Amino acid sequence: MSSVNKPIRIGRIDFTNVWPLFYYFPYEQLQQEVELITQVPTQLNAAMAAGEIDIGPISSFAYGEHFEEYMLLPDMSVSAYGDVKSILLFHRKPLSELGGSPVALPTTSASSVNLLKIILQRFYQVEPNYHYAAPVLGEMMKSADAALLIGDHAIRESWEDHGYMVTDLAQEWTKWTGQWMSFAVCAIRKQVVQEKPELVSRIYRAFMESKRKSLHDLTALVQEARRLIGGTDSYWRQYFSTLTYEFGPEQQTGLQLYYRYAWELGFLNKQVQIQLWNDNLLTQVTE
């Protein structure tokens, strides 16, 4: 089967934070043309880089690594200005005292891991000894002074009283920079834009409609989150309302600063350009 006839493979992050983009996505209408693949962010990042996934939310950092091959869908991200509530560092001592300390990083994240390194190195001038671990707080803290958790793992642990200090990385970023932080962006491979412009346009509109319906009435998402993860109605309403799913000029400016710091500190090997897809590309390709 040629790539033109294959379905577009859509990646889905296995965390509640992207639910609004997917909750009302019309799979039935598009089932002959799209295939859905659900994974944690690091797996999706790798699959997208390998060409095994064509479109979907990936770690912002992963876009920075492969920006020449991707475009970003406008008005779609997982961003925060201040609290994000699901990117949390649990630590025994203040951030300024973590130099040389063992810090456990989750194997599930790319954007957040590099955000933590930027915050500690650039703003606190400390460099811990990082190591990766499965995202289980109790196990991580047996051999570390701090542990980073993201997504639903972080949310569940934030409800427990461990006695640790807890730092919300988005809040920390905004405190130091005054900027938004975009943890995930919706990327598409440029090759797919060229091969299937009309289908890409329909998928984008479907995402936008799912986002609109989800955020217009959070009831269904809140009930599903309570059923699968726990917590209260008020927690989940606040959670979905605090996150921003836009990717406008303010979010782009914040992400550009994140990329600049990542490049200056050597986490990215070149300066990143943000390239946005738009429906005009459809006109350009089909004329």
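Predicted model: local features only at pLDDT ≥ 70, side-chain atom pairs only at ≥ 80, totals over all residues.
The model holds 21 aromatic pairs. In one of them, Phe123 and Trp176 are stacked, with 5.1 Å from centre to centre and 0 degrees between the planes of their rings. Phe123 belongs to helix 5 (residues 111-123) and Trp176 to helix 8 (residues 169-177), so this pair ties together parts of the chain that are 53 residues apart in sequence.

Trp173 lies in helix 8 and Tyr258 in helix 13 (residues 249-264), which means that the pair ties together parts 85 residues apart in sequence. Both Trp173 and Tyr258 are buried. The residues of these two pairs come together in one aromatic cluster, formed by Tyr63, Phe123, Tyr124, Trp173, Trp176, Tyr258, Tyr259 and Tyr261.

## A lysine over two rings

Aromatic rings also meet a charged side chain in this model, and the residue concerned is Lys117. Its charged end sits over the ring of Tyr130, at 5.3 Å from the centre of that ring. The charged end of Lys117 sits over the ring of Phe267 as well, and here the distance to the ring centre is 5.9 Å.

## Salt bridges

A search of the whole structure gives 13 salt bridges. One of them joins the side chains of Lys270 and Glu68, with 2.7 Å from N to O.

Glu264 takes part in a salt bridge with Arg122, at 2.9 Å from N to O. This pair links distant parts of the chain, for Glu264 is in helix 13 and Arg122 is in helix 5, 142 residues apart. Glu264 counts as partly exposed at 38% relative accessibility, and Arg122 is partly exposed with a relative accessible area of 32%. Glu264 also meets the side chain of Arg260 in a salt bridge of 2.8 Å, again from N to O. Arg260 and Glu264 are four residues apart in helix 13, so about one helical turn separates them. Arg260, at 37% relative accessibility, counts as partly exposed. Elsewhere, salt bridges that share partners join Glu33, Glu198 and Arg202 into one network.

## The nonpolar cores

The largest nonpolar core has 89 residues, and those that touch the most other members are Ile10, Tyr63, Trp173, Ile203, Trp236 and Tyr258. What does Trp173 contact, leaving aside its neighbours within four places in sequence? Its contacts are Leu115, Ile118, Ile119, Phe123, Gly178, Gln179, Trp180, Met181, Gly254, Leu257, Tyr258 and Tyr261. A second, separate core consists of eleven residues, including Phe90, Ala104, Met140 and Met141.

## Strands and a buried serine

Strand 1 (residues 8-13) is mostly covered, since five of its six residues are buried. This strand runs parallel to strand 2 (residues 34-39), and six bridges join the two. Within this pairing, Arg12 has Thr38 of strand 2 as its bridge partner.

Ser59 belongs to strand 3 (residues 55-59). Is Ser59 buried or exposed? Ser59 counts as buried because its relative accessibility is 5%, a value that falls under the 20% cut-off for buried residues. When residues up to four places away in sequence are not counted, Ser59 touches Pro41, Asn45, Ala110, Ser111 and Phe183.

Technical notes
Residues numbered from 1 in each chain as written. Heavy atoms only, no water. Phe/Tyr/Trp six-rings, centres within 6.5 Å; stacked < 30°, edge-to-face > 60°. Buried < 20%, exposed > 50% of the residue type's maximum accessible area, 1.4 Å probe, protein only. Lys NZ or Arg CZ within 6 Å of the ring centre and 35° of its normal. Salt bridge = Lys/Arg side-chain N within 4 Å of Asp/Glu carboxyl O. Contact = heavy atoms within 4.5 Å. Core = buried A, V, L, I, M, F, W, Y, C linked by side-chain atoms within 4.5 Å. Pairing = 2+ DSSP bridges.
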